[in-house]
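This briefing gathers what can be read from the model about a few helices, some of their residues and the loops between them. Please keep the structure open while going through the points.

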Amino acid sequence: MTEKEFDTIWTNTNDTKLRGTNKEARLKLQAIETRANDEAKQMTVFDFGKFETKLFRRSSDKNNVKYHFDTIIQKNIKNNKIGTSESYKYTLNSLANFSETQKKCKIEKLTFDTITADWLNEYQNFMLAKGKSYTTIAIYTRTLRVVFNVAIEENDISNDIYPFGKNKYKIPRTKKVKKALNSKQLKTLFDADATNDNEQLAKDFWFFSYACNGMNFKDIALLKYSDIQNDRFSYYRAKTFDKTAEKTVITIHLTDFTKDIISKYGNKSKSGFVFNILEIQDSSETQYKKIKNFTRLINDHIKRIAKNNDLPNDISTYWARHSFATNSLRKGASMEFISEALNHSDLNVTKNYFAGFEDDAKKDFANSLLDF
């Protein structure tokens, strides 16, 4: 509008003088003003950024599941939490598959009030029929629950339609059994012959993780030469860095073996990242893809070595961390030492961590208690 048009349509207090398109424009502006006031009133603490988002989105977005998923996904990407954003994408794709094939409802039209306890039970049965595990179902439904909670917190939906909890849908409770190699199996894997360079690389990095207190492969990829001082290196665990206000530095003492791995695979410039998995200029998305591909490479080839040496075929990079924990306990390390080495928030986390191991690991540990 020009200033003159605005004065005529909006600042004119006498509605009877408005005709035709001017009257239509006045009604549209009044509708926008009413909606703006409604959105502002619903905000406990006023924030211009959130207000702008709520005002200019479609009114149907408040109750739209995909809209809220997409908003959370974009927020995580903006904060460089690429793995978390991928988890939300996987969940959204799974819900879309069920909604579109079983309920004949496009994911773009799926609303929160549609997702009842019965809807979720049908989704669970649908997933089981497809061969999905209760663990996968629990991960996806927990993610959906987070989206519900965010929508309620934003005052976009009512708590009355919340489908989770007592006398409603209960997310499956599963405890993933943590698997580890015993001392004999570790020696077999360590002495196993690699039939090609990729198998040797897989074995070397698997044992590098094991020897560095079960260091996560993402942390290995992010390790920099500036982290190394004398015979040790220090780092912050990427998985928990954004989850706690207090950041705990982890210090790993280098051994002859870990020094050899760094010497063998470390980049020749001895600057930036230690290993040639990532490059300094990589974006967060590129880093995520490279780490994922590298971890997949290690898993594929460590499984081949295991198969050729009568070791568990489902071995993976996670087994290095679990093997470090159980074998440290078997060798007499205290629970407090293991808790610190694994960078657990408190001793109860470590106790629960150990409780998730296979019975053989618990039995070996119990038998070692009197090995003074």
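This is a predicted model: local features need pLDDT of at least 70, side-chain atom pairs count only at pLDDT 80 or more; totals for chains, interfaces and linings use all residues.

At the start of helix α3, a side-chain oxygen of Asp 47 comes to within 2.8 Å of the backbone nitrogen of Lys 50.

**Helix α3 and its buried face**

- Helix α3 covers residues 48-56, and within this stretch Phe 51, Lys 54 and Leu 55 are buried.
- Viewed down the axis of α3, these buried residues fall within an arc of 100 degrees, so they line one face of the helix.
- The partner of this buried set is helix α2, residues 20-42, against which the buried residues of α3 pack.

**The crossing of α5 and α12**

- Two packed helices are described by the angle between their axes and by the distance between those axes.
- For helix α5 (residues 82-102) and helix α12 (residues 284-308), the axes come within 9 Å of each other and cross at roughly 75 degrees.
- Since angles of 65 to 115 degrees count as roughly perpendicular, α5 is roughly perpendicular to α12.
- On the α5 side the contact is made by Ile 82, Gly 83, Glu 86 and Tyr 90, while α12 contributes Ser 284, Glu 285, Tyr 288 and Lys 292.

- Ser 94 lies in helix α5 and counts as buried, because its relative accessibility is 11%, below the 20% cut-off for burial.
- The side chain of Ser 94 makes a polar contact of 2.6 Å with the side chain of Tyr 123.
- When neighbours within four places in sequence are left aside, the residues in contact with Ser 94 are Tyr 123, Met 127 and Tyr 140.
- Ser 87 is also placed in helix α5, but with 35% relative accessibility this residue counts as partly exposed.
- Ser 87 and Thr 143 are 56 residues apart in sequence, and their C-alpha atoms are 8.0 Å apart in space.
- Asn 299 belongs to helix α12 and is buried, with a relative accessible area of 16%.
- A polar atom of the Asn 299 side chain lies 2.8 Å from the backbone nitrogen of Thr 317.

**Gln 124 in helix α6**

- Gln 124 is found in helix α6, which comprises residues 117-129, and is buried at a relative accessible area of 13%.
- Residues up to four places away in sequence not being counted, Gln 124 touches Tyr 134, Ile 137, Tyr 169 and Pro 172.
- The C-alpha atom of Gln 124 is separated by 30 Å from that of Tyr 288, a residue 164 positions away along the chain; Tyr 288 is one of the α12 residues that make the contact with α5.

**Residues in loops**

- Ile 161 has its place in the loop between α7 (134-153) and α8 (183-191), where it is partly exposed, with a relative accessible area of 28%.
- With neighbours within four places in sequence set aside, Ile 161 is in contact with Phe 112, Asp 113, Ile 115 and Phe 148.
- Between the C-alpha atoms of Ile 161 and Thr 116 the separation is 7.5 Å, although the two residues are 45 residues apart along the chain.
- Asn 80 sits in the loop between α4 (65-78) and α5, and its phi is near 65 degrees, a positive value in a residue other than glycine.
- Lys 270, in the loop between α11 (256-265) and α12, has phi near 55 degrees, which is likewise a positive value in a residue other than glycine.
- Lys 270 is exposed, with a relative accessible area of 62%.

Notes
Residues are numbered from 1 along each chain as its sequence is written. Side-chain values use heavy atoms; hydrogens and water are left out. Axes are lines fitted to C-alpha atoms, for helices over the stretch in contact, and angles run from 0 to 180 degrees between N-to-C directions. Helices (H or I, at least four residues) and strands (E, at least two) are DSSP runs, numbered from the N terminus. Angles under 35 degrees count as roughly parallel, over 145 as roughly antiparallel, 65 to 115 as roughly perpendicular and the rest as oblique. Contact means heavy atoms within 4.5 Å. Buried means under 20% relative accessible area, exposed over 50%, partly exposed in between (1.4 Å probe, protein chains only). The arc is that of the directions from the helix axis to the C-beta atoms. A polar contact is a pair of N or O atoms within 3.5 Å; within protein, one must be able to donate a hydrogen and the other to accept it, and residues adjacent in sequence count only if both atoms are side-chain atoms.
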